[in-house]
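Thanks for coming. I'll take the metal site to begin with, and then some charged pairs.

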Amino acid sequence: MMLIETHAHLDYPDFAPDFNDVLRRATEAGVTRILTIGTSIESSRHAIELAEQHPNIFAVIGVHPSSVIEAEDDVITPLRELARSNRVVAIGETGLDYHRLPSAESARKKHADVFGALQTETEEELESGIADGAYKEKQAFLFQQQLDLAVELGLNVVIHQRDAWDDTLELLRPYAGKIRGVFHCFGGTLDQANEVAASGHLVSFTGIVTFKNGSAVRDVAARVPLSGFMVETDCPYLAPVPFRGKRCEPAHTRIVAESIASARGIPLESIAQATTATAEEFFDFNR
Ligand SMILES: [Zn+2]
């Protein structure tokens, strides 16, 4: 049995203390290939280094929407340079994330910030409204650069979308037929999953499918076409049950696959075969 872990953050310091054990446990669980996903230029560079050191690790390079404030205005140039490594199998993760906008952040901080109280409510709202707009604009600008690079290189894209469904689809629309995306850590409805599939894109599922409160996602995972999804952990986050709350790792991809297999009432082997074939087609392992 072979599983491909399609979304790990192996460059995070969480894995430094026992990196080789993490890889060994993945192999023992049948997770034969791991895609490590960049979230910034630095993180992408590190992802490539790991992929060059370990034959079963591959790199996806990109700038995460939550990292756009620190990012330069031009990410296409450094990413293009990094993509010269043949260990790079896709672009991402990139996309839009409106979950924590600057206005929400400033509202949160206000409680702790005595000086914030000196500002009038309207001034503050106006300022955070402008900040939200600039933040969203930069996310869109960097997302488009990464989509353009993907077209240029003939690679597919790992998409991060949170609370920004309509804008994400709208930005993707002009690229239809040129590139495909995977909506990673999919948490939407079956209708949204079908909408994604109709445009040639994929979804992938994390350990959320094992959560007690993950029944809606589990149900979507049970009903999307077998060839329309992949499996991932998004480690170090989202450890599946019974490891929930602990550090997650690529070996747990097997638990994600098992949970989907049991929700669909089919053997793990069928999930492994289907998701591996889908990942082999989606990611460019033979550059
Ligand atoms: Zn991620």
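**Zinc site and salt bridges**

H7 and D234 are both buried. Keep in mind that this is a predicted model.

These two residues belong to the zinc site. The protein donors of the zinc ion are H7 and H9, each through NE2, E93 through OE, and D234 through OD, at 2.1 to 2.6 Å from the ion. Along the chain, the donor spacing reads H-x1-H-x83-E-x140-D. H7 sits in strand β1, residues 3–8, while D234 sits in the loop between β8 and α9, so the pair links parts of the chain 227 residues apart. Why is the arrangement of the four donor atoms irregular? The angles they subtend around the zinc ion run from 85 to 177°, and a tetrahedral site would need all angles between 85 and 135 degrees.

On to the salt bridges; the count comes to 14. K138 pairs with D73, with the closest N and O atoms 3.7 Å apart. K138 is in helix α5 and D73 in the loop between β3 and α3, so this pair ties together parts 65 residues apart in sequence. K138 counts as buried, because its relative accessibility is 17%.

E281 and R180 form another salt bridge, 3.8 Å from N to O. E281 is in helix α10, and R180 is in the loop between α6 and β6, 101 residues away. E281 is exposed at 61% relative accessibility, whereas R180 is partly exposed at 27%.

R223 and D219 form a salt bridge at 2.9 Å between the closest N and O atoms. Both lie in helix α8, four residues apart, so about one helical turn separates them.

How values were computed: Residues are numbered from 1 along each chain as its sequence is written. This is a predicted model: local features need pLDDT of at least 70, side-chain atom pairs count only at pLDDT 80 or more; totals for chains, interfaces and linings use all residues. Side-chain values use heavy atoms; hydrogens and water are left out. Donors are N, O and S atoms within 2.8 Å of the metal (3.2 Å for Na, K and Ca); water is not among the atoms, so sites may look incomplete. Four donors count as tetrahedral if all angles lie between 85 and 135 degrees; four count as square planar and six as octahedral if opposite donors are over 155 degrees apart and all others between 65 and 115; anything else is irregular. Helices (H or I, at least four residues) and strands (E, at least two) are DSSP runs, numbered from the N terminus. Buried means under 20% relative accessible area, exposed over 50%, partly exposed in between (1.4 Å probe, protein chains only). A salt bridge is a side-chain nitrogen of Lys or Arg within 4 Å of a carboxyl oxygen of Asp or Glu.
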